[in-house]
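The tour goes stop by stop: select, look, move on.

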Amino acid sequence: MMRKPAAFLLLLPVMAIACRATTGTARRPSAFPAGWRFSSGGKAAFGERFMIASNEKLASDAGNEIIRAGGNAVDAAVAVGFALAVTYPVAGNLGGGGFMVIRMADGRSAAIDYREMAPGAAYRDMYLDKNGNPTNESIVGYRASGVPGSVAGMTEALAKFGSKPLSEVMAPAIRLARDGFVVDSALFRSLSSSQEYLARFGAEPVFYPGGEPIRPGTVFRQPALARTLQLIAERGASGFYSGEVADSLVAGMQRGGGLITKADLANYKVEWRHPIASDYRGYTLLTMPPASSGGITITESLNMLEAAGPPGVWGSTRWAHLLASVYQRAFIDRNAKLGDPAFVNVPIAELTSKEYARKLARTIDPLRSTPTPPNGSQIVDGESTTHYSVVDDKGNAVATTTTLNNGYGSGVYLASVGFFMNDEMDDFAAAPGKPNMFGLVQGEVNAIAPGKRMLSAMSPTIVLDRQGKLFLVVGAAGGPRIITTTSQVILNVIDGGMSLYDAMHAPRLHHQALPDTLLVEANGLSPAVRDSLIAMGHAIRFTGGLANANAVMRVPGGWEGVSEPRSSGTGGTSSR
Ligand code: DON
């Protein structure tokens, strides 16, 4: 059976808010391979005081408005998050979940896990057919949803680290939903490519009036969503998890055979966690611990890279071989050992230790790739998540990644409350040992159980420089490719000495152990390096854009912001 619905746009509109453009910093010029789609040396957006980089201009503007009104980065991030639910419905959400890493100017840091939880009625084999093969019910339709965490996550983040009332930070999102916003060509294209999928579960009257996607230039109003947002603004998270929104959500689920009950909503809770703090060549990374695999897998990969000695010149055979080899090893651990820490014992200290990395790094043959045991899994492109990075004028920083999993989640649109539901249940190992939608072959540790959080790859990350000062805020969308893309942006600036512009425009590569394939963006390697890697045993597959990142970096006099250049949108505006 086809396990994946129609492919959705991964590369969607993007913007970074900035005070003015600049030529950036005196970092090293980069030489990208001939034929690579982007040139190096371009201009990033620049802000003297603050910077927001997200996938959608109006959502970044919402954060801008809050910072200009005296809010901090957490206030702004919450404003961006709610606004994305209005203007970027492919991934911004109320019906999904996410992860946020916060670093305050006074040195405090925190991580919030607002990942979805499996409903109470979920069970291990719920997505297997009578032959034991996974069906696509973990991806499409009512049974695919975990209990949403986004509203709880954003409201708790605000309560703990924000400085403004919820009603104020939600005001831009409510306005955008109630008064509408002008649809751009990126939203139009996204809706056009998803029409067949979305027509199945209730979204058609809102997004396809008269049977056609809302056209660019049209003012798009979402009164039902505006009302839901208003209820949340007035009542806090209980405006979502109880009362009329919860009633509508549960009624919608019941109509379609979904599992989520009122008790599931009432029992949803966020987990405050300590970020994984690691050292890479003197820089400090603050990343997301389980239930995301992002922080451990990035830390383990970078620790191995450090242990393996000099990484080689960026773009060289040694560089690509080492990256592929460390990712492969880290993903083998990820897929077998990581799951929700409330259910399984995750050896975080061991996996993130330098000693363990040294041991694994010794298994890398400098001249040959090491095979991962074969199976039939495939790496699949597409789908959508969204990451945003925020730095305020006080030196606070927030990295947030949030998702519905697939573009527009399960496809189920709850018209009376105006939002899509996630299909996050597919991030569990529905059939341990068999690939999921992203081709990830995961183990029992990530099997389905009621109340459990499904393992994620989302990797919101904050990097401090060698003096301990805030340096880089980054993360990405793209399933498992989030991990490799986020870490490569970091490596590009630390090891490659690149400007943020170049770090975000450089070709990317990806290895997730299984399938045993080195995925490389088309023309992202010089022919000589490609041929050497093949001779060393790497199975290379060239592909289109890998992942979708948004990043902010400190430069002399302020902050640079770069939104994903592989995206079809563009943007940049003043924040003064
Ligand atoms: O949590 C995860 O790892 C996935 N649900 C993320 C999905 C994703 O990034 C889709 N992307 N564009």
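Where does Ala449 lie? Select Ala449: the residue is in the loop between strand S15 (419-420) and strand S16 (461-464). Helices (H or I, at least four residues) and strands (E, at least two) are DSSP runs, numbered from the N terminus.

Before moving on, some ground rules. This is a predicted model, in which local features need pLDDT of at least 70 and side-chain atom pairs count only at pLDDT 80 or more, while totals for chains, interfaces and linings use all residues. Residues are numbered from 1 along each chain as its sequence is written, and side-chain values use heavy atoms, with hydrogens and water left out.

**Stop 1: around Ala449**

Stay on Ala449. Its relative accessible area is 18%, so the residue is buried. Buried means under 20% relative accessible area, exposed over 50%, and partly exposed in between (1.4 Å probe, protein chains only). Contact here means heavy atoms within 4.5 Å.

**Stop 2: the two domains**

Colour by domain. Domain 1 covers 57-272 + 393-446, and domain 2 covers 281-379 + 460-563. The bounds come from an automatic or database domain assignment. Taken over C-alpha atoms, the centres of domain 1 and domain 2 are 27 Å apart. The contact takes 27 residues from domain 1 and 35 residues from domain 2.

**Stop 3: the nonpolar cores**

Which residues touch the most other members of the largest nonpolar core? Select Phe82, Leu94 and Leu229; these hold that place among the 175 residues of the core. A nonpolar core is a set of buried Ala, Val, Leu, Ile, Met, Phe, Trp, Tyr and Cys residues joined through side-chain atoms within 4.5 Å. Next, select helix H2 (residues 73-87), which gives the most to this core, with 12 residues. Domain 1 and domain 2 both give residues to the core, so it lies between them.

Zoom in on Leu229. Leaving aside neighbours within four places in sequence, Leu229 is in contact with Phe82, Val86, Leu94, Met170, Ala173, Ile174 and Ala177. Then find a second, separate core of 10 residues; its members include Met126, Phe428, Ala430 and Ile448.

**Stop 4: helix H12 and its partners**

Two packed helices are described by the angle between their axes and the distance between the axes. Show helix H12 (residues 317-337) with helix H15 (residues 481-494): they pack at an angle of about 140°, with axes 12 Å apart. Axes are lines fitted to C-alpha atoms, for helices over the stretch in contact, and angles run from 0 to 180 degrees between N-to-C directions. H12 and H15 are therefore oblique to each other. Angles under 35 degrees count as roughly parallel, over 145 as roughly antiparallel, 65 to 115 as roughly perpendicular and the rest as oblique. Show side chains at the contact: Leu323, Tyr327, Phe331 and Arg334 come from H12, and Ile483, Thr484, Ser487, Gln488 and Leu491 from H15.

The axes of H12 and H17 come within 9 Å and cross at roughly 45°. That makes this pair oblique too. Thr317, Ala320 and His321 of H12 make the contact with Val529, Ser532 and Leu533 of H17.

**Stop 5**

Pick two cis peptide bonds. One runs from Pro290 to Ala291, with omega near 20°. Ala291 sits in the loop between strand S11 (283-287) and helix H11 (294-307). Another runs from Leu514 to Pro515, with omega near -5°. Pro515 is in the loop between strand S19 (509-510) and strand S20 (518-521).

Go to Asn523, in the loop between S20 and H17. Asn523 is not a glycine, but has a positive phi of about 65°. Is Asn523 buried or partly exposed? Partly exposed, with a relative accessible area of 45%.

Ala547 has a positive phi as well, about 70°, and is not a glycine. Look for Ala547 in the loop between strand S21 (540-543) and strand S22 (548-555). Its relative accessibility is 0%, so Ala547 counts as buried.

**Last stop: Ala361**

Select Ala361 in helix H14 (residues 354-361). Ala361 is buried, at 11% relative accessible area.
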